[in-house]
Amino acid sequence: MKLYVCWGTFPTPRPGGHACANAYGALRDAGHDPEVVKSYGFAPLPAFLNQTRGRREVQELTGNRWVPTLLLDDGSVINGSHEIVDWAHNHPA
């Protein structure tokens, strides 16, 4: 399983936490150990400014450049922090 994140998975003082860290934490809490792919850049910018490996792969998987995105071993894709957190809660390792 691969988890595409913007740049980090560590906690922040931001209210509600950071979306990528929330997704990562939920997966770890559920017993998963995803490969983390750092996808530097900023999704709203044009594609030519988001050419990191992670952003290109997310674009191919989802049609957009937004992270977090989870790629499961069976090829299924879960896009969005809330969706990844829900999946993790319902699929403990």
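## Getting your bearings

Helices (H or I, at least four residues) and strands (E, at least two) are DSSP runs, numbered from the N terminus.

A couple of ground rules before going on. This is a predicted model, where local features need pLDDT of at least 70, side-chain atom pairs count only at pLDDT 80 or more, and totals for chains, interfaces and linings use all residues. Residues are numbered from 1 along each chain as its sequence is written, and side-chain values use heavy atoms, with hydrogens and water left out.

## Strand 1 and its partners

Let's start with strand 1, residues 2-5. Strands count as paired if DSSP finds at least two bridges between them. Strand 1 and strand 2 (residues 35-38) run parallel, joined by four bridges. To get from strand 1 to strand 2 the chain passes through helix 1, and this β-α-β crossover is right-handed. Right-handed here means that, with the strands pointing away from the viewer, the path from the first strand over the helix to the second runs clockwise.

Strand 1 also pairs with strand 3, this time antiparallel, through three bridges. Tyrosine 4 is a handy landmark: it faces valine 37 in strand 2 and threonine 69 in strand 3.

## Helix 1

Helix 1 covers residues 19-29, and its buried residues are Cys20, Ala21, Ala23, Ala26 and Leu27. Buried means under 20% relative accessible area, exposed over 50%, and partly exposed in between (1.4 Å probe, protein chains only). Those buried residues pack against strand 1, strand 3 (69-71) and helix 3 (81-90). Just after the helix comes glycine 31, with a positive phi of about 95°.

## Loops worth a look

Back to serine 39: is it buried or exposed? It's buried, with a relative accessible area of 0%. Leaving aside neighbours within four places in sequence, serine 39 is in contact (heavy atoms within 4.5 Å) with several residues, including Tyr4, Cys6, Arg55 and Val67.

Val67 has something else to show: a cis peptide bond joins valine 67 and proline 68, with omega of about 15°. Most peptide bonds are trans. Proline 68 sits in the loop between helix 2 (53-62) and strand 3.

Further along, leucine 72 is in the loop between strand 3 and strand 4 (77-79). Leucine 72 is buried, at 13% relative accessible area, and it touches Met1, Ile78 and Trp87, not counting residues up to four places away in sequence.

## A cavity

There is one cavity of 30 Å³ or more. On a 1 Å grid over the protein atoms alone, a cavity is a set of points where a 1.4 Å probe fits but cannot get out, and lining residues have an atom within 4 Å of a point. Grid points are joined across faces, edges and corners, and a volume is the space filled by probe spheres set on the points. The largest cavity holds about 30 Å³, and its lining is Trp7, Gly8, Thr9, Phe10, Thr12 and His18.

Methods. 1 Å grid on protein atoms, 1.4 Å probe; cavity = no way out; pocket = protein on both sides within 12 Å on 5 of 7 lines; lining within 4 Å.
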